[in-house]
Amino acid sequence: MSILANKDTRVVIQGGQAGVNAARRMAEFCYLIKRPLNVEAFVYPPDAGKANEIPYGSGLLAIPIYKTIAEATKHHSTINTSLVYIGADRAMKGGMEALDDSHIKVVSMITEGVPEKDAKILGFHARKLGKVFNGPSSIGIISAGSCRLGVIGGAFDNLVLSKLYREGSFGVITKSGGLSNEIIWICSQFADGITTAIGIGGDAYPGTDYVNYLEMFENDLQTKAVVIVGEMGGDLEERAAEWYGAKKRRVKLIGVVSGFCQESLPKGMKFGHAGAKEGMKGEGSARSKSDALKKAGAIVPATFGALGPAIKETYQELLKSGQVKEIVEPVTLPKLPKTVEEAMKADEVIVAPLIRTTISDDRGDEPCYDGYPASELINKGYEIPHVIGLLWDKRLISEQEAEIIKRIMMLSADHGPCVSGAYATILAACAGIGLSQAVAAGLIMIGPRFGGAVTDAGRWFKYAVDNKMNVDEFLAYMKKNVGPVPGIGHRVKSLRNPDKRVKELVGYVKNLSIKTPCLDFALQVEQVTAAKKDNLILNVDGTMAAVLVDLGFPIDSLNGFFILSRTIGLIGHWVDQKRQDSRLIRLFDYLVNYAAPKRREVPPLK
């Protein structure tokens, strides 16, 4: 048997991520004892209507999330227990909601820092309703072979080492969450293990004290002995001693109390838990508690280290008297399936990669770009153009190349509010659209007519150079097979009104001692096309393309330079409109040529 938590326990968890983590631990225990997951629902209003995926064995279970306890118990009528993982400022409201639901009989609150007044109210309300309120600050409750509420018991390996897959004979009640796992393990090593272990929490006013749980253990015939772990402060241990000494009890009581160090320290100090505070006159001291337990007939080891032997001696007496029998352990136990990462590390599985990357790796302490740690690049003077070279072309570009890229980005960062990309971003900003979506709207405009000419210009200039074409051959080929030459022509700029961005970039590159076959060819093309029409000049897209091809960048990466640099401008336009608190834009009628038919009568429907 067990108390509070058993095979019929069905759980709703109130709270967010902490509650999800608890459900995962509970699922591990259910998998160990070969029982279905006992968590049926979550209550977390921000995610109501969704589901949390909880690993169970090698699969995933979708557990629904509800807005209220009432909704959860309406859809899952077998729910009888609630675990509260809600912040301290809202924990009382959540606890009261659970206690007031007729389906729920046990509420265990994990929340720390709950005000003492709230804890008292919750405990009083539970007793009035004939229900159990455990906590606050409880690590949970676990019944070996039956049920786990919360993370008590530790990781999966510890569940197995502590033999929690089957019942033992010892009950455990502790204030400390960490010590609860320790005592469970000690009971499994020096005796046959536990029936139920309960963490009541270390607050000054727990919802349920030692005496209530000792009564339950006394009535549980499977439990032959109970281990309680106390500490200085309060009077829970004295009340337990009074209960135990009031009459002959069936269960044996083993008690250990921490805090004897207080005798060497100033009175009134608090240790760890909110309730672990000896009074100024010595009331609630570890020694007085231990003496009270001894006087009541409990077994009280002299030190914590002597607890294991005391449990072992008690167990041997139970064996001799025939109250318990030696347990034959199962030959095999369930093992938690390994994750893919664990199995790969142990060389137990081959996994076909979903994608392959050759440019970056962020699995260590920091990202590495083509093998170079980001922080080292910074500290050795490299800049953003060098990172572009590593990620786009897998090479550390030279200082000259980095300067060219920097100039390209600066010259093409923006082209005013009227170009399609900027205009789309401005429209989105004025419509109240967020930064990322508004900038994305502008980037969508980049194509063969706006910005996209960079890649196409680079492709065809390179084609001409690679095939050793002269300008006339190239223009004839383009006219026959492609169409207008990408990178040539501008709506506003011309020979009489040259694009200073092009002049700046060409002038800088030509002054460097580097070979520029594509740029030279593009300038030769401009001489021929501009002679035919003065606006058929080499534009900034074509100049960027030719220079970047000469630097050795892949053709398909060229548009990326325009996208990257123009993003700077698009962000600027979005921020500018937000700064002005701009309103929604609607086109004026005079900007539209309404060429549709004039208003006319709709004919009868035939």
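Author: A salt bridge here is a side-chain nitrogen of Lys or Arg within 4 Å of a carboxyl oxygen of Asp or Glu. Please keep in mind throughout that this is a predicted model.

Reader: What makes the contact between Asp47 and Lys50 a salt bridge?

Author: The side chains of Asp47 and Lys50 come together with N to O at 3.7 Å, and the limit is 4 Å, so the pair qualifies as a salt bridge. The structure holds 25 salt bridges.

Reader: Why is Asp47 called partly exposed rather than buried or exposed?

Author: Buried means under 20% relative accessible area and exposed means over 50%, with partly exposed in between. Asp47 has a relative accessibility of 25%, and therefore counts as partly exposed.

Reader: How do you know that Asp235 and Arg239 form a salt bridge, and why do both count as partly exposed?

Author: The closest N and O atoms of Asp235 and Arg239 are 3.3 Å apart, which is within the 4 Å limit. Asp235 has 39% relative accessibility and so counts as partly exposed, and Arg239, with a relative accessible area of 35%, is partly exposed too.

Reader: What makes Lys252 and Glu317 a salt bridge, and what does the pair tie together?

Author: For Lys252 and Glu317 the N to O value is 3.9 Å, again within 4 Å, so the side chains meet in a salt bridge. Lys252 belongs to strand β13 (residues 252-258) and Glu317 to helix α10 (residues 307-320), so the pair ties together parts that are 65 residues apart in sequence. Lys252 is partly exposed because its relative accessible area is 27%, and Glu317 is partly exposed because its relative accessibility is 37%.

Reader: Which residues are linked in a network of salt bridges?

Author: The network of salt bridges links Lys175, Glu237, Glu238 and Lys289.

Reader: Turning to the strands, why are β3 and β7 said to stand at the edges?

Author: The sheet in question is open and has seven strands in the order β3-β4-β2-β1-β5-β6-β7, with mixed pairing. β3 (51-56) and β7 (132-134) each have a single partner strand, so one side of each is left without a neighbour in the sheet. From one strand to the next, the twist averages 25°.

Reader: How do you know that β6 and β7 pair?

Author: Two strands pair if there are at least two bridges between them, and strand β6 (residues 106-109) is joined to β7 by three bridges, the two running parallel. Val106, for example, has Val132 in β7 as its bridge partner. Helix α3 (residues 88-99) lies across β1 (11-15), β5 (81-85), β6 and β7, at about 165° to β6, while helix α4 (residues 116-129) lies across β6 and β7, at about 155° to β7.

Reader: What makes β8 and β9 a hairpin?

Author: Strands β8 (residues 140-143) and β9 (residues 147-150) run antiparallel and are joined by four bridges, where at least two are needed for pairing. Three residues lie between them, and Gly145 in the turn has a positive phi of about 75°. Ile142 has Arg148 in β9 as its bridge partner.

Reader: Which residues of helix α13 are buried, and what covers them?

Author: In α13 (residues 384-393) the buried residues are Pro385, His386, Ile388, Gly389, Leu390 and Asp393. Their cover includes β15, β16, α12 (374-379), α14 (399-411) and α22 (558-579). Lys394, which follows α13, has a positive phi, near 55°.

Reader: Finally, why is the whole protein called more spread out than a compact globule?

Author: The protein comprises 22 helices and 16 strands. Its radius of gyration is 38 Å, well over the 25 Å that the globule rule gives for 606 residues, so the protein is more spread out than a compact globule. Along its principal axes the C-alpha trace spans about 115 × 70 × 55 Å, and buried residues make up 48% of the 606 residues.

Methods
Residues numbered from 1 in each chain as written. Predicted model: local features only at pLDDT ≥ 70, side-chain atom pairs only at ≥ 80, totals over all residues. Heavy atoms only, no water. Buried < 20%, exposed > 50% of the residue type's maximum accessible area, 1.4 Å probe, protein only. Contact = heavy atoms within 4.5 Å. Axes fitted to C-alpha atoms, helices over the stretch in contact; angles between N-to-C directions. Rg over C-alpha atoms; globule rule 2.2 N^0.38 Å.
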